[in-house]
Amino acid sequence: MSTGTVFSAETVWTAYRLFALALFGATIGSFLNVCAYRIPLGRSIVRPGSACTACGTLIRWQHNIPVFSWLYLRGRCASCRTRISARYPLVEAGNALLWVLVGWRFGPTIGALVLLPFVSAMIVLFLTDLDHQLLPDRITLPLAVAGLVVAPWNARLDLGPWLFGSGTPLGRLVAALVGAVIGYGVFFTLALAWRVLFDREALGGGDLKMMLGVGAFLGAHGVLLTIFLASLIGTLLSLPALLSGRWRMTHVLPFGCFLAPAAVVAMFYAPEIIRWYLGLLVWPV
Ligand SMILES: [Zn+2]
């Protein structure tokens, strides 16, 4: 029996592509940390370069290599030895992982490329909402514009052959516009209903603007699934507090922290989840 090559040229090429995506994703992940820290403070994300948040020393390039530098310096600043949160390498690794998953699932296509900024934006919005209960306009509004600009290449906006124009550049642009309007509209209605019913602000303006971008990237079906999944995660997580009676109406969780991961799940699996769910409705067992 001859021992042929174990890996085909195609496999090697795919592995190389995903590896490059991981490296680039980790580097951008490092930039996402800077964005999440500075944007809510209204500071420039370009200047000055990365600096220690404790002593302000600019971080040298050899100490700014994603993930590895944090491990090498054992999670401390090189000059003042202050602890650096494990969150920094985790965000870098997380962005690298999501980028690899996008490249792996959607292949070497422009359709995959346009989704990379989307998942990265979800990471930053998750972090700013977690830290400051803030979804900054500087992220949500450019995201909405970007969603519309890349729409003609975004295959996640396709609904299938049953809808006229689906899959064409113009059809995708229309789907992005409809998605943005539906996302904003549904949230606007929810916010209004909540205010009328409970006389309380439940959803901030940031959530509304975030849904513009999610709708523009994922279409109406994707943004509706995002809202549904986020509500589901939010309800499940607040269930223990609810049952123990410690829950108050004032406990308003930063909803963006649920919306961001829900949007990423919807981006990957919206058609599968919706088909499965409709299957349950059409063919009850
Ligand atoms: Zn320092």
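Student: Is Cys52 buried or exposed?
Tutor: Buried, because its relative accessible area is 11%, under the 20% cut-off. Keep in mind that this is a predicted model.

Student: And Cys80, what does that one count as?
Tutor: Cys80 has a relative accessible area of 29%, so it counts as partly exposed.

Student: What about Cys77, buried or exposed?
Tutor: Cys77 is buried, and Cys52 is too.

Student: Which residues hold the zinc ion, then?
Tutor: The protein donors are Cys52, Cys55, Cys77 and Cys80, each through its SG atom, lying 2.3 Å from the zinc ion.

Student: Why is the arrangement called tetrahedral?
Tutor: Because the four donor atoms subtend angles of 104 to 117° around the zinc ion. The cut-off asks for all angles between 85 and 135 degrees.

Student: How are the donor residues spaced in sequence?
Tutor: The pattern is C-x2-C-x21-C-x2-C. Cys52 and Cys77 link distant parts of the chain, 25 residues apart. Cys52 sits in the loop between H1 and helix H2 (68–72), whereas Cys77 sits in the loop between H2 and H3.

Student: With those cysteines around, how many disulfides does the structure hold?
Tutor: Zero disulfides.

Student: OK, new topic. How many residues are in the largest nonpolar core?
Tutor: There are 50 residues in that core. Those with the most contacts inside it are Val102, Phe118, Met122, Met210, Val214 and Met267.

Student: Which domains does the core draw on?
Tutor: Domain 1 (6–108) and domain 2 (110–285), with at least three residues from each.

Student: Zoom in on Phe118. What is it in contact with?
Tutor: Leaving aside neighbours within four places in sequence, Phe118 contacts Leu143, Gly213, Val214, Phe217, Leu218, Ala263 and Met267.

Student: Buried or exposed?
Tutor: His221 is buried, since its relative accessible area is 17%.

Student: What does His221 touch?
Tutor: Not counting residues up to four places away in sequence, His221 touches Arg156, Leu157, Asp158, Leu159, Ala270 and Ile274.

Student: Switching to Ile182, which helix is that in?
Tutor: Ile182 belongs to helix H7, residues 169–198. At 30% relative accessibility, Ile182 counts as partly exposed.

Student: So what is Ile182 in contact with?
Tutor: Ala220, Val223 and Leu224, once neighbours within four places in sequence are left aside. The C-alpha atom of Ile182 is separated by 9.6 Å from that of Ala216, 34 residues apart along the chain.

Student: Last one: where is Gly25?
Tutor: Gly25 is placed in helix H1. Its relative accessibility is 0%, so Gly25 counts as buried.

Student: Which residues does Gly25 touch?
Tutor: Glu92, Asn95, Ala96 and Trp99, not counting residues up to four places away in sequence.

Student: And how does Gly25 sit relative to Leu177?
Tutor: Gly25 and Leu177 are 28 Å apart in space, C-alpha to C-alpha, and 152 residues apart in sequence.

How values were computed. Residues numbered from 1 in each chain as written. Predicted model: local features only at pLDDT ≥ 70, side-chain atom pairs only at ≥ 80, totals over all residues. Heavy atoms only, no water. Core = buried A, V, L, I, M, F, W, Y, C linked by side-chain atoms within 4.5 Å. Buried < 20%, exposed > 50% of the residue type's maximum accessible area, 1.4 Å probe, protein only. Domains from an automatic or database assignment. Contact = heavy atoms within 4.5 Å. Donors = N, O, S within 2.8 Å, 3.2 Å for Na, K, Ca; no water. Tetrahedral: all angles 85-135°; square planar, octahedral: opposite > 155°, others 65-115°. Helix = DSSP H or I, 4+ residues; strand = E, 2+ residues; numbered from the N terminus. Disulfide = S-S within 2.5 Å.
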